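Please look at the sequence and the structure shown here, and then follow the sections in turn.

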Amino acid sequence: MRGCLRGVGESSRLLYTLAAGEQPAVVVGVHHGEADNTFTLTPAGEKLDALASGEISSRLLNSGSLLKGGSWRLVGKVHPDLGQVVAVGLGKPSGVQDEENIDMDRESVRKAAAAGVRAVTDLGLKEVQIENFGDCEAAGEGATLANWAFDRFKAEKKPRPAVTPLDSFTEEWLNGVRLGSAQNFARDLMECPANHLTPTLFVAEVIQQMKGLPVNIEARDQSWAEKMGMGSFLSVSRGSSEPPMFLEMSFLNGVKDADPIVLVGKGVTFDTGGISIKPSAKMDKMRADMGGAATVTATLKAVAEAALPVNLIVLVPLTENMPGGRATKPGDVVTAMNGKTIQVDNTDAEGRLILADALTYADKFNPRCVLDVATLTGAMMVALGTGATGVFSTSSKDFDVLSAAGRKTGDRVWRMPLWQHYTQQMKKSPLADLNNISLTPGGGACTAAAFLKEFTSCKNWMHLDIAGVMENEGAVSYMGSGMSGRPTRTLFQFVKDLQ
Ligand SMILES: [Zn+2]
């Protein structure tokens, strides 16, 4: 059913008063039409509209204003066999936009599904059936990501409606829900207060979450790291009374003995900055300085649940960065696992110190590729804001796979330079082979990447700096506010698509 809005009446979200109904609410989509002030119902919407003798389109027509993409409107009860009908806007179909490197239609579906969940939550309804808007996977993702809140420590929990697809549980819908749930798992880990998620508790939580999945988990302690010669990693944990842990997880479901993909995640469960202590404003956010660890762990969970035919290894160095009496001091020199010495001029540049040894350790698996993911530098937030994860790559081919993955998931990446120019800056240390910070101001995300490059011998290595995308304050409308769990779905898609 096509419709054209007649006149500009009173625009109202609540067109009809809610009556208590037993059936689940139903969410259907509305596209903008080609001509101004016209709209088109999706095929699912048309079907219900026909059942209700045109009542859905007629109520929308009389509602006075066009439903914008990502917004919702209560249509109400239109048929005895249907619960409350909610219409959500899909905007105009716009396809893949190369300049934006995004599939706008999939984004519109995520936004619409999320708007449906928000509507039902606001209306106090307990159950909802959401149509697929032509893309079951994106609908499942949007609905799942919108239906999240971190209220573990609150007596009053946010109501979360039970969400099911309107048609049937297709493989794509289930995959979308799986991806959304994986990202929500990463968000839970990132939001969790640091006193409830120490390195030891992170390991316990992961073991719990991976129960029943064919994932092998090895949790290594400080003495193991000492034996491995991980002097760079251990220099960060010195100031804390919480023992560090090194988590090694593997899911081997690919061709036997095929070189594995290795993901490395920064797991600083709280970052005070150490002796180079941070200002106190917003320091609480540093509970999410294990966002890399959270996203790679969540990716592994989704990969194992989906039983992807890949060999995947995930490495997570876990520690607090605290200014205790034994803490590393500015100017101290430490020796990394690969024998290189590092002058620690700033103890708040600790992420690269723990990743350095994890990258060296990753070499022993003879990896197909290594990706490290880290909330590494404030400079990345300055460079790209919340728009994209910054990526430094030694392989253009693999970067292209990651970039295409981001286009599909809507959680994009952007390539940054990995040049000798920056490496030279990191070699200006009076006391050691490398300095952990550049003494020349500017390009902080690039110099951090150049530092990490000194610790991997993998030909296909990528470093993902997720500091800018760590938190969502409205930039991604289908997620709500809080820690973001980005770019979990892009990592999953990359692992799936990499040849
Ligand atoms: Zn730091």
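This is a predicted model: local features need pLDDT of at least 70, side-chain atom pairs count only at pLDDT 80 or more; totals for chains, interfaces and linings use all residues.

## Overall size and build

Taken along the principal axes, the C-alpha atoms fill a box of roughly 80 × 50 × 45 Å.

The protein contains 15 helices and 23 strands, and 55% of its 499 residues count as buried. Among the contacts between residues at least 6 apart in sequence, 78% join residues that are at least 24 apart.

The protein is divided into domain 1, which covers residues 2–167, and domain 2, which covers residues 180–497. The C-alpha centres of the two domains lie 38 Å apart, and 18 residues of domain 1 are in contact with 18 residues of domain 2.

On the side of domain 1 that touches domain 2, β7 (102–103), α3 (104–122) and α4 (136–146) each supply at least two residues. The largest share of that side comes from α4, which gives six residues. By residue class, the side of domain 1 that touches domain 2 is made up of seven nonpolar, five polar and six charged residues.

## Helix α5

Helix α5 takes in residues 171–191, and at 1.5 Å a residue its 21 residues should span 30 Å; the C-alpha atoms at its ends are 30 Å apart, which agrees. This helix is mostly covered, since 17 of its 21 residues are buried.

## Strands and their partners

Strands of a sheet pair through backbone hydrogen bonds, and they may do so in a parallel or an antiparallel sense. Strand β16, formed by residues 341–344, pairs with β20 in the parallel sense over two bridges, and Gln343 stands opposite Asn435 in β20.

A second pairing to look at involves strand β4 (residues 72–76), which runs antiparallel to strand β5 (residues 85–91) and is joined to β5 by four bridges. In this pairing Leu74 stands opposite Val86 in β5. Strand β4 is mostly covered, with four of its five residues buried.

Ala302 lies in helix α9, which covers residues 291–305. Is Ala302 buried or exposed? A residue counts as buried if 20 or more other C-beta atoms lie within 10 Å of its own, and Ala302 has 24 such atoms within 10 Å, so Ala302 is buried.

When its neighbours within four places in sequence are left aside, Ala302 is in contact with Arg178, Leu179, Ala182 and Phe492. Trp419, by contrast, is 117 residues from Ala302 along the chain, and the C-alpha atoms of these two residues are separated by 34 Å.

Most residues other than glycine have a negative phi, and most peptide bonds are trans. Against that background, the peptide bond from Arg486 to Pro487 is cis, with omega near -5°. Pro487 is found in the loop between β23 (482–483) and α15 (488–497).

Which residues have a positive phi without being glycine? Among them is Ser53, with phi near 50°, which is found in the loop between α1 (43–51) and α2 (55–61). Ser53 has 10 C-beta neighbours inside 10 Å and therefore counts as exposed, the limit for that class being 12 or fewer. Lys282 also has a positive phi, of about 60°, although it is not a glycine. Lys282 lies in the loop between β13 (267–271) and α9, and with 9 C-beta neighbours inside 10 Å, Lys282 counts as exposed.

How values were computed: Residues are numbered from 1 along each chain as its sequence is written. Domain bounds come from an automatic or database domain assignment. Two residues are in contact if their C-beta atoms, placed from the backbone, lie within 7 Å. Ala, Val, Leu, Ile, Met, Phe, Trp, Tyr, Cys and Pro count as nonpolar, Asp, Glu, Lys and Arg as charged, and the others, Gly among them, as polar. The expected span of a helix is 1.5 Å times one less than its number of residues. Two strands pair if DSSP finds at least two bridges between them.
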